[in-house]
Amino acid sequence: MDDKNTIEEKIRKETLVRKAVSVDPNAAKAGPSTIQMTDGVLIPKKGEKHILTSWRLTFFGALVLSAILIVFFPDPYRQIFRTCLRGLPVTFEVTIFSIIGAVIIGTFTGLGSVSKRRWINMICGVYVELIRGIPLLVQLIFIYYAVGRFFHVEGLVAAIFSLSVCFGAYMGEIVRAGIQAIPKGQMEAAIALGLSRSQAFRYIILPQTVKVILPAIGNEFISMLKDSSLVSVLSLEDILRCGRMYISRTFLSLETMLVVALIYLIITLVLSRLVGVLEERLHKNG
Amino acid sequence: MAKIEIKDLSKDYTTPNGVLHAVKHANLTVNDGEVVVIIGPSGSGKSTLLRCVNALETATAGHILIDGIDVTAPGTDIRQIREEVGMVFQSFNLFPHLTVLENITLAPMKVKKMDKAEAEELARQLLKRVGLSDKADVHPTQLSGGQQQRVAIARSLAMKPKAMLFDEPTSALDPEMIKEVLDVMTDLAREGMTMLLVTHEMGFAKAAADKVIFMDNGEILEEGTPEKMFTSPENPRTIDFLNHIL
């Protein structure tokens, strides 16, 4: 009886270990399917009813609350909404360009981390550790001023550059984990056919990696959208900054921040649902 | 066609528990057009030996000559060798994101710079040869194990190799699919392909092999014609092994 229990316990633990996904190369290898990198963002899928329900609850709650505020308390909420939404283009601009930058940096970092050359490994490793060890806000301000000292660039460009560098490190880890999730046999089969390692990466490994890491990139996109609010300290007029400027004019701090929060919440929820749909479609196509 | 000579080959692995001698001083010659089958219990170094031939594993000591070119020498262009020596894996290792046709045409197009039409023509011929003409445009995951392995063989053949290595090609297959793969391999052997195989299919070894090698604990213990090996083996370990599996 005891024996049986311990065996069952072991099996349970084993499956747990297999299910747990980590970017730590020493941790148990994940299956070849997908990598889950949760950021606390709940991406609702059809199969997970409770998440979908809570997603709906939050989303429609936020919509209803916004509607009530606008319809029944037009003064001052209508004005606040109008002001804050003025920051929307900047927020999106920063997010989209930064995520593109981060994907590019991340691809090279990820490839560098699995490279056979030790010095390339070292550079990528140091970059990742450096970025991971410093708060995002500190990095942003630092890079912003560092870039400003040496080049004369616009605030927007500097902000995008800083965010790309910061998120590039995390993206690099995702790419690396994605590459390592591809079975070893794929690389072996490719080089056994006479392909070079770089050809094998280009035609065999990376196309499969993209599929594996796309959901994780979706998650990063959502994090990026939220973290882009940090650029408001770099005097960029994004949603948060527009709100704060409004506060300094009217001193309606609580009301304004409520609206800012609602706007971010609604965008984030819409995006997470989109990522969920994208993921489902991806799985359907094999 | 090609001649494979393995001379005094050793392969050691460093493990946390010390050094593991996977292959110890192995000597083996596969003549042009010969089919040589390596048998032995699992963990005896058969696959390692095979993988050293196209340098998927780096030998610790010794030499491997393919048509006189030393694979283990530092200046050797290993990619050139790999183009000429095809390999078929136990787990097929087809590329799941590509169709069957693209799986076969990839290497000729990227390595040999063959143009697309020519490569596809070649691929269709090869698919016909392995009996899968109608599967050109499906993805490998939609195929059975036996079909996947036949595609893998076609993929290797597309590089027009001088020799083929098979690493337990039927071990991951259901019994009813083994035959279809063995038939393709038997055809290849009959056409004079130089083949070095690791397999547990004694029927194939008896029918198609020119030479059977018995390996245990990293050492080649006995070699001979299939007739001799299966009817009157001399080494007690060989006798013991054959008694267990036949």
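Biologist: Which residues form a nonpolar patch on the surface?

Modeller: A:V64, A:I68, A:V71, A:F72 and A:F73 do, and together they have about 500 Å² of accessible area. Patch residues have over 30% relative accessible area and no salt bridge; nonpolar side chains (Val, Leu, Ile, Met, Phe, Trp, Tyr) are joined within 5 Å, like charges within 9 Å. Areas come from the Shrake-Rupley method with a 1.4 Å probe, and for residues only the protein chains shown count as cover. A salt bridge puts a side-chain nitrogen of Lys or Arg within 4 Å of a carboxyl oxygen of Asp or Glu.

Modeller: Keep in mind that this is a predicted model: local features need pLDDT of at least 70, side-chain atom pairs count only at pLDDT 80 or more, and totals for chains, interfaces and linings use all residues. Residues are numbered from 1 along each chain as its sequence is written, chains are lettered from A and ligands numbered from 1 in the order in which they are written, and side-chain values use heavy atoms, leaving out hydrogens and water.

Biologist: Where is A:I68 found?

Modeller: In helix α2 of chain A, residues 49-72. Helices (H or I, at least four residues) and strands (E, at least two) are DSSP runs, numbered from the N terminus. A:I68 is partly exposed, at 35% relative accessible area; buried means under 20%, exposed over 50%, and partly exposed in between (1.4 Å probe, protein chains only).

Biologist: Which residues form a positive surface patch?

Modeller: A:R78, A:R82, A:R86 and A:R249. Lys and Arg count as positive, Asp and Glu as negative, while His and the chain ends are not counted. A charge is placed at NZ of Lys, CZ of Arg, CG of Asp or CD of Glu. A:R82 sits in helix α3 of chain A, residues 74-85. Helix α3 also holds A:P76, which a cis peptide bond joins to A:D75, with omega about 10 degrees.

Biologist: How many residues does helix α4 of chain A have?

Modeller: It has 26, residues 88-113, and reaches 36 Å from its first C-alpha to its last, close to the 38 Å expected at 1.5 Å a residue. The expected span is 1.5 Å times one less than the number of residues. Its buried residues include A:V90, A:V94, A:I99 and A:G101. A:G101 has 17% relative accessibility.

Biologist: Where is B:K160?

Modeller: In the loop between α5 (145-157) and β7 (163-167) of chain B. B:N217 has phi near 55 degrees and lies in the loop between β9 (211-216) and β10 (219-224) of chain B. B:N217 is partly exposed, at 44% relative accessibility.
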